[in-house]
Amino acid sequence: MPALEAAHIRPYSDGGEHEVPNGLPLRRDLHRLFDLGYVSATPKGHLLVSPRLREEFANGHTYYALEGQQLGQPNRPDATPDPSFLAWHSE
């Protein structure tokens, strides 16, 4: 689907690898917010929305409603994002 992008969970510039466990398929808008730290995911794959989004912009109502939603799971177990990378990103 052309609206999906592969986000690095741990950026390559910060020691992240170009490998499937370090990737997360996200919509383009969520990818950008993920890279900027406005959204993240728990190690179990639930979406987190940073309070910074509300504090700094107060217009992200579309995103506030996504808080806690389960991200889609891949069909292949070897394509699952590494929970330790998700924990790193959400800190």
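Over the face of which residue does Arg54 lie, and at what distance from the ring centre? In this predicted model, Arg54 is placed over the face of Tyr64, at 3.9 Å from the ring centre. The legends below take up this view and several others in turn.

**View 1. Two arginines lie over tyrosine rings, Arg54 over Tyr64 and Arg52 over Tyr38.** For Arg54, the ring in question is that of Tyr64, and the distance to the ring centre is 3.9 Å. For Arg52, the ring is that of Tyr38, over whose face Arg52 lies at 4.4 Å from the ring centre. Tyr38 itself is buried, because its relative accessible area of 9% falls under the 20% limit that defines a buried residue.

**View 2. Tyr38 and Phe57 form an aromatic pair that is edge-to-face.** A pair of aromatic rings is described by two quantities, the distance of the centres and the angle of the planes. The count of such pairs in this model comes to one. In this pair the ring centres of Tyr38 and Phe57 are 5.6 Å apart and the planes stand at 70 degrees, so the arrangement is edge-to-face, the term used for planes over 60 degrees apart. The pair links distant parts of the chain, since Tyr38 is in the loop between H1 and S3 while Phe57 is in helix H2 (residues 51-57), 19 residues apart. Tyr38 is buried, with a relative accessible area of 9%, whereas Phe57 is partly exposed, with a relative accessible area of 46%.

**View 3. The largest nonpolar core has 18 residues.** The residues with the most contacts inside this core are Leu24, Leu26, Leu33, Phe34, Val39, Leu53 and Tyr63. At least two core residues come from each of S2, H1, strand S3 (39-41), strand S4 (47-49) and helix H3 (61-64). Of these elements H1 gives the most, with three residues. When neighbours within four places in sequence are left aside, Tyr63 is in contact with Arg27, Asp29, Leu30, Leu33, Val49 and Leu53.

**View 4. His31 and Arg28 both have their place in helix H1.** Helix H1 spans residues 28-35, and His31 is found within that stretch. His31 is buried, with a relative accessible area of 12%, whereas Arg28 is exposed, because its relative accessible area is 56% and exposed means over 50%. Apart from neighbours within four places in sequence, His31 is in contact with Glu5, Ala6, Ala7 and Leu26. Although His31 and Glu5 are 26 residues apart along the chain, their C-alpha atoms are separated by 7.0 Å. Arg28, with residues up to four places away in sequence not counted, touches Ala3 and Glu5. The C-alpha atoms of Arg28 and Leu53, which are 25 residues apart along the chain, are separated by 17 Å.

**View 5. The largest pocket holds about 460 Å³ of space.** Its lining is made up of 22 residues, and those that lie nearest the centre of the pocket are Leu24, Pro25, Leu26, Leu71 and Gly72. The elements that give two or more residues to this lining are S2 and H4. The largest contribution comes from S2, with four residues.

**View 6. Tyr12 lies in the loop between strand S1 (4-8) and strand S2 (23-27).** Leaving aside neighbours within four places in sequence, Tyr12 is in contact with Glu17 and His18. Tyr12 and Asn22 are ten residues apart in sequence, and the distance between them in space is 9.4 Å, C-alpha to C-alpha.

**View 7. Pro83 lies in helix H4 (residues 83-90).** Pro83 counts as partly exposed, with a relative accessibility of 43%. In sequence, Pro83 and Pro21 are 62 residues apart, while in space the distance from C-alpha to C-alpha is 8.7 Å.

How values were computed: Residues numbered from 1 in each chain as written. Predicted model: local features only at pLDDT ≥ 70, side-chain atom pairs only at ≥ 80, totals over all residues. Heavy atoms only, no water. Buried < 20%, exposed > 50% of the residue type's maximum accessible area, 1.4 Å probe, protein only. Contact = heavy atoms within 4.5 Å. Core = buried A, V, L, I, M, F, W, Y, C linked by side-chain atoms within 4.5 Å. Phe/Tyr/Trp six-rings, centres within 6.5 Å; stacked < 30°, edge-to-face > 60°. Lys NZ or Arg CZ within 6 Å of the ring centre and 35° of its normal. 1 Å grid on protein atoms, 1.4 Å probe; cavity = no way out; pocket = protein on both sides within 12 Å on 5 of 7 lines; lining within 4 Å. Points joined across faces, edges and corners; volume = space filled by probe spheres on them.
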